[in-house]
Amino acid sequence: MAADVLDATFAALADPTRRAILARLMEGEATVTELAAPFAMSQPGISKHLRVLERAGLISRGRDAQRRPCRLEAAPLRDAVDWLANYRSYWEESYRRLDDLLGELQPGEAANAAGRESP
């Protein structure tokens, strides 16, 4: 996977408006007007967000007579998830080591606490 594609994906996902647009497109294709409806933003403002998403490969625009519907293209999201999954094993191993350490400390603390309670 090219680093520039991954960079573009994460840059596009960095904005909450663009994430909301992608969430809406999960339900099915929509026009710019339909995508702009929930936002207090002009149609040109939404169009700028759509261009960022399109450059990242996260959406595509079709043509249906006068209508130009946008649709979700999920492949770059899968690539981002795959990249993030590499770190999952790191965190799982870190948590396993922490669990082991806490498991070692707890029996000793219980014995110390029992020793302090007896007169």
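User: In which helix do E93 and R96 both lie?
Analyst: In this predicted model, local features need pLDDT of at least 70 and side-chain atom pairs count only at pLDDT 80 or more, while totals for chains, interfaces and linings use all residues. Residues are numbered from 1 along each chain as its sequence is written, and side-chain values use heavy atoms, with hydrogens and water left out. E93 and R96 are three residues apart, about one turn of the helix, where helices (H or I, at least four residues) and strands (E, at least two) are DSSP runs numbered from the N terminus. Both residues lie in helix α5 (residues 75-117).

User: How far apart are the closest N and O atoms of E93 and R96?
Analyst: The two side chains form a salt bridge, a term that requires a side-chain nitrogen of Lys or Arg within 4 Å of a carboxyl oxygen of Asp or Glu. E93 has a relative accessibility of 31% and R96 one of 40%, so each counts as partly exposed, the class between buried (under 20% relative accessible area) and exposed (over 50%), with a 1.4 Å probe and protein chains only. The closest N and O atoms of E93 and R96 are apart by 2.4 Å.

User: Which residue forms a salt bridge with E29?
Analyst: E29 sits in the loop between α2 (16-25) and α3 (32-36), and its partner lies in strand β2 (residues 70-72), 42 residues apart, which links distant parts of the chain. E29 is partly exposed at 34% relative accessibility, and the closest N and O atoms of the pair are 3.1 Å apart. The partner of E29 is R71.

User: What is the relative accessible area of E54, whose side chain meets R61 in a salt bridge?
Analyst: The side chains of R61 and E54 meet with an N to O distance of 3.3 Å. R61 counts as partly exposed at 23% relative accessibility, and E54 is also partly exposed, with a relative accessible area of 34%.

User: How many salt bridges does the structure come to?
Analyst: The pairs described above, E93 with R96, E29 with R71 and R61 with E54, are among those counted by this rule. The count comes to eight salt bridges.

User: What is the geometry of the aromatic pair F10 and W83?
Analyst: A pair of aromatic rings is described by the distance of the centres and the angle of the planes. Rings of Phe, Tyr and Trp (its six-membered ring) pair if their centres lie within 6.5 Å, and planes under 30 degrees apart count as stacked, over 60 as edge-to-face and the rest as tilted. F10 and W83 stand 5.6 Å centre to centre with 65 degrees between the planes, and the pair is therefore edge-to-face.

User: Which residues form one aromatic cluster?
Analyst: F10 is partly exposed at 30% relative accessibility, and W83 is partly exposed with a relative accessible area of 32%. The cluster consists of F10, W83 and Y87.

User: Is T9 buried or exposed?
Analyst: T9 has its place in helix α1. Leaving aside neighbours within four places in sequence, T9 is in contact (heavy atoms within 4.5 Å) with A56, L58, P76 and A80. With a relative accessible area of 1%, T9 is buried.

User: What share of the 119 residues in the protein chain do buried residues make up?
Analyst: The secondary structure of the protein chain comes to five helices and two strands, and from the N terminus on the elements run α-α-α-α-β-β-α. Within this chain, buried residues make up 25%.
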